[in-house]
Amino acid sequence: MNDLRLLFWETTAGCNLECIHCRRLDVSKELMQDDLTTQEAFGFIDSLSECAKPILVLSGGEPLFRPDIFDITRYAVKRGLMVSLATNGTLIDNVIAKEIVESGIKRVAISIDGADEKTHDDFRKQPGSLKKAIDGFKRLKNLGMSMQINCTVTRHNRHQCEELYNMALSLGADAIHIFMLVPVGCGVQIAEKNMLPANEYEEILNWMYDKTLEGKIHLKATCAPHYFRIALQRKKAIGNVKDITISGHPHNSTDPAKAKMQTMTKGCLAGTGICFVSHKGEVFPCGYLPVSAGNVKRKPFREIWETSSVFTALRDTEQLKGKCGICEYKNVCMGCRARAFYDTGNYMDEEPYCIYEPIRMKQKPATCNSKN
């Protein structure tokens with residue numbers, strides 16, 4: 001089964017910031033002419049809701065750039081979709097905060113990429129952006145919105161993980177999602193300078209596992225599928241695992257919406273549990289893997305999701321190459337398909353930022369002891 005759990009829709013490529021890690025190279029300070037129109041957006045939502053009932057994440061660019069964003073939200077809610085908003089938070093004044101809540105959005109994720117103004121503002125290329133983001137967060141929190149912090153970890157803020165975790169706790173966030181930089185769009189330009197080496201990824205993911213054991217907040221490793229391998233290794237080390245599946249460590253919640261948003265299944269879900277739709281309608285396995293599976297302007301979403309050759313390949317772990325292909329954890333990890341694509345041009349190649357050596361790599365080939 002390949003149940004669509006999350007669909008990220010880049011509602012517009014327009015944005016008021018110029019973040020150095022953005023997945024896009026063509027971000028505009030205004031709405032893009034080739035964004036899906038309101039009616040095209042409604043048609044896409046109709047097609048999506050007939051195929052599945054995923055969490056629809058409205059992202060960008062900056063989704064609040066769209067004047068019709070709340071019309072779109074209300075339409076999606078009427079079609080039975082749970083809607084979440086991913087924003088930089090800087091445009092959320094009291095009026096916008098009230099509209100967000102009243103539109104039916106169930107969770108808002110605000111990106112915070114530094115525990116202090118200099119670290120965050122330099123990354124976002126706008127002085128004062130951290131203060132505006134936190135102010136927006138607090139306005140929504142005060143109105144009862146479920147809040148999430150997204151944080152991209154690179155060399156610029158690697159030393160602030162603990163501070164960012166404590167910030168999320170102090171702000172009363174329901175979740176903090178830690179993103180590991182994927183070299184796509186502007187991320188390619190900063191990859192050499194900002195990508196963490198594989199051993200440091202391992203350290204951060206182990207730190208995350210330790211934090212999940214505290215049970216204070218829901219943590220999720222994003223674009224870091226080998227977290228699931230680490231979690232299984234840690235569980236096996238204390239004899240606390242029964243099989244090769246994992247559900248993560250969701251923060252306990254009696255709210256069905258929060259519980260749905262906090263469900264964790266396996267590592268890379270590109271093309272199996274998630275997908276990404278660009279502002280032009282192109283469907284990709286995820287927002288960081290620029291391999292198109294089709295366009296919702298030309299094909300119904302269901303047809304793309306169920307029949308695309310790109311998705312078919314990603315759903316077959318036997319097609320994984322290199323050490324990912326022989327790894328005993330491949331069905332819960334899969335490696336990051338986007339990093340593999342960046343590294344070799346083949347999205348089924350091995351994850352280049354994983355230090356783990358599969359058991360089969362360590363085994364010595366059998367020798368022949370036949371008698372003469």
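## Helix α14 and what covers it

The buried residues of α14 are covered by elements that include β6 (175-180), α8, α9 (226-237), α12 (309-314) and α13 (322-326). Helix α14 itself spans residues 337-344, and R337, A338, R339 and A340 are buried in it, where buried means under 20% relative accessible area, exposed over 50%, and partly exposed in between, with a 1.4 Å probe and protein chains only. Just after α14, G345 takes a positive phi of about 90 degrees. R339 also lies over the face of Y201, at 5.3 Å from the ring centre; a charge sits over a ring if NZ of Lys or CZ of Arg is within 6 Å of the ring centre and within 35 degrees of the ring normal.

## Basis of the model and its confidence

This is a predicted model, in which local features need pLDDT of at least 70 and side-chain atom pairs count only at pLDDT 80 or more, while totals for chains, interfaces and linings use all residues. Residues are numbered from 1 along each chain as its sequence is written, and side-chain values use heavy atoms, with hydrogens and water left out.

The mean pLDDT of the chain is 87, and 84% of its residues reach 70 or more, pLDDT being the predictor's confidence in each residue, from 0 to 100. Over residues 243-251 pLDDT stays under 50, and for this stretch the model has 30 contacts beyond four places in sequence, a contact meaning heavy atoms within 4.5 Å.

## Overall architecture

The chain has 15 helices and 10 strands; helices (H or I, at least four residues) and strands (E, at least two) are DSSP runs, numbered from the N terminus. Of the 372 residues of the chain, 58% count as buried. Among contacts in the chain with a separation of 6 or more, 71% are accounted for by residues 24 or more positions apart.

## The nonpolar cores

A nonpolar core is a set of buried Ala, Val, Leu, Ile, Met, Phe, Trp, Tyr and Cys residues joined through side-chain atoms within 4.5 Å. The largest nonpolar core holds 102 residues, of which L7, W9, F44, I100, V108, F301 and F311 touch the most other members. Not counting residues up to four places away in sequence, F311 touches G271, C275, V283, F284, P285, A293, I304 and W305.

L48 is placed in helix α1 (residues 38-51) and counts as buried because its relative accessibility is 0%. Leaving aside its neighbours within four places in sequence, L48 is in contact with L4, L7, P54, L56, L81 and F301. The C-alpha atoms of L48 and R79 are separated by 9.3 Å, although these residues are 31 residues apart along the chain.

## Aromatic pairs

A search of the whole structure finds 11 aromatic pairs. Rings of Phe, Tyr and Trp (its six-membered ring) pair if their centres lie within 6.5 Å; planes under 30 degrees apart count as stacked, over 60 as edge-to-face and the rest as tilted. The pair of Y165 and W207 is edge-to-face, because the ring centres are 6.0 Å apart and the planes stand at 80 degrees. This pair links distant parts of the chain, with Y165 in helix α6 (residues 161-171) and W207 in helix α8 (residues 198-214), 42 residues apart. Both Y165 and W207 are buried. F276 and F284 form a tilted pair, 6.5 Å centre to centre with 40 degrees between the planes, and F276 and F284 are likewise buried.

Ring pairs also link W9, F44, F301, W305 and F311 into a cluster. Over the face of W305 lies R315, at 4.4 Å from the ring centre.

## Cysteines

With a disulfide taken as a pair of cysteine sulfur atoms within 2.5 Å, the count comes to 0 disulfides. The closest cysteine sulfur to that of C151 is in C161, at 6.7 Å, which is too far for a bond; C151 is buried, with a relative accessible area of 0%. C336 is in no disulfide either, the nearest cysteine sulfur, that of C223, being 5.7 Å away, and C336 is buried with a relative accessible area of 6%.

## The surroundings of D121

D121 is placed in helix α4 (residues 117-124) and counts as buried, because its relative accessibility is 9%. Apart from its neighbours within four places in sequence, D121 is in contact with Q126, P127, G128, S129 and L130. The C-alpha atoms of D121 and K131, 10 residues apart along the chain, are separated by 9.2 Å.
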